[in-house]
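Subject: Structure handover

Hello,

Here is the structure for your files. My notes follow below it.

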Amino acid sequence: MKTTERIWIGITAAMMVLATLAVFVYAPREAKMGDVQRIFYFHVSTAWSGFLAFAVALAGAVAYLRTRAARWDALSHAAVEVGLVLLTMAIITGSLWARPVWNTWWTWDPRLTTTTITWVVYLAYLLLRGAVENPETRARFAAVYAIVAFITVPITYLSARLLRTIHPIVLGPSVSAEAQGQFGLTPRMVHTMLISLAAWTLVFSVLLMLRYRLQRAQETLEALEASIED
């Protein structure tokens, strides 16, 4: 591992420690929801990082179709896998928050429904890759799929702002009366949210770097095995 990568991982670890301290020490206790609201810092940050991963997968897919370079396909593949992990964490933390606040682990609210659709769509991306043996055909099909699949990301983002929902809006206006006014962030809450977003963005970058490296090594091994068989 290169020195710069070790430094990057160290910075990420330090930011995660800082974010954790900010969530549990610096951020004030929310007046209505109490300490359970602290889960939301992790929930929003992992959701943001997951959607960022899908945006990187989109960029990698477009770059692959333009260049046919295998590295872009590897980047897109790695980003989807990391994005699915992060989005799964967002769904789990959302359920942990919802149980004491909504008195249920899950409800088919527009935001939750569209998030689930996004999760399933990107899971299908991995199934598609596993079903195609030819590397070039697999990369081409996966690139097209990743581009089309990304439409679920803005739909999920806008769902709580344009549809009637009980899901709170952390930042920005909403047309939903149920969602408005549920989340009044104090300055210290905003600081904590920004620190948490930065920390989880760094976590995403480290996971992507490691998964991309593993993906490239796996492709090299597969190419070597194919040359030996021939």
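Which residues in α5 are buried? They are R138, A139, A142, A143, A146 and A149. Buried means under 20% relative accessible area, exposed over 50%, and partly exposed in between, with a 1.4 Å probe and protein chains only.

First, the ground rules. This is a predicted model: local features need pLDDT of at least 70, side-chain atom pairs count only at pLDDT 80 or more, and totals for chains, interfaces and linings use all residues. Residues are numbered from 1 along each chain as its sequence is written, and side-chain values use heavy atoms, with hydrogens and water left out.

Helix α5

Helix α5 covers residues 135-149. Helices are DSSP runs of H or I with at least four residues, numbered from the N terminus. α5 has 15 residues and reaches 20 Å from first C-alpha to last, close to the 21 Å expected at 1.5 Å a residue. The expected span is 1.5 Å times one less than the number of residues. The buried residues of α5 are R138, A139, A142, A143, A146 and A149. They cover an arc of only 135° around the axis, which puts them on the same side of α5. That arc is taken from the directions from the helix axis to the C-beta atoms. E136 and V148 are exposed, on the face of α5 turned away from its buried side. At the start of α5, a side-chain oxygen of N134 comes to within 3.1 Å of the backbone nitrogen of E136.

Helix α3 runs over residues 70-102. Its 33 residues reach 46 Å from first C-alpha to last, close to the expected 48 Å. N103 follows α3 and has a positive phi, near 65°.

The structure holds six aromatic pairs. In W97 and W102, the ring centres are 5.0 Å apart and the planes are at 75°, so this pair is edge-to-face. Rings of Phe, Tyr and Trp (its six-membered ring) pair if their centres lie within 6.5 Å; planes under 30 degrees apart count as stacked, over 60 as edge-to-face, the rest as tilted. Ring pairs link F40, W97 and W102 into a cluster. W97 is buried at 3% relative accessibility. W102 is buried at 18%.

Helix α7

T192 lies in helix α7, residues 187-229. T192 is buried, at 0% relative accessibility. Leaving out residues up to four places away in sequence, T192 touches A22, V23, Y26, A27 and Y41. Contact means heavy atoms within 4.5 Å.

Best wishes

Conventions:
Helices (H or I, at least four residues) and strands (E, at least two) are DSSP runs, numbered from the N terminus. A polar contact is a pair of N or O atoms within 3.5 Å; within protein, one must be able to donate a hydrogen and the other to accept it, and residues adjacent in sequence count only if both atoms are side-chain atoms.
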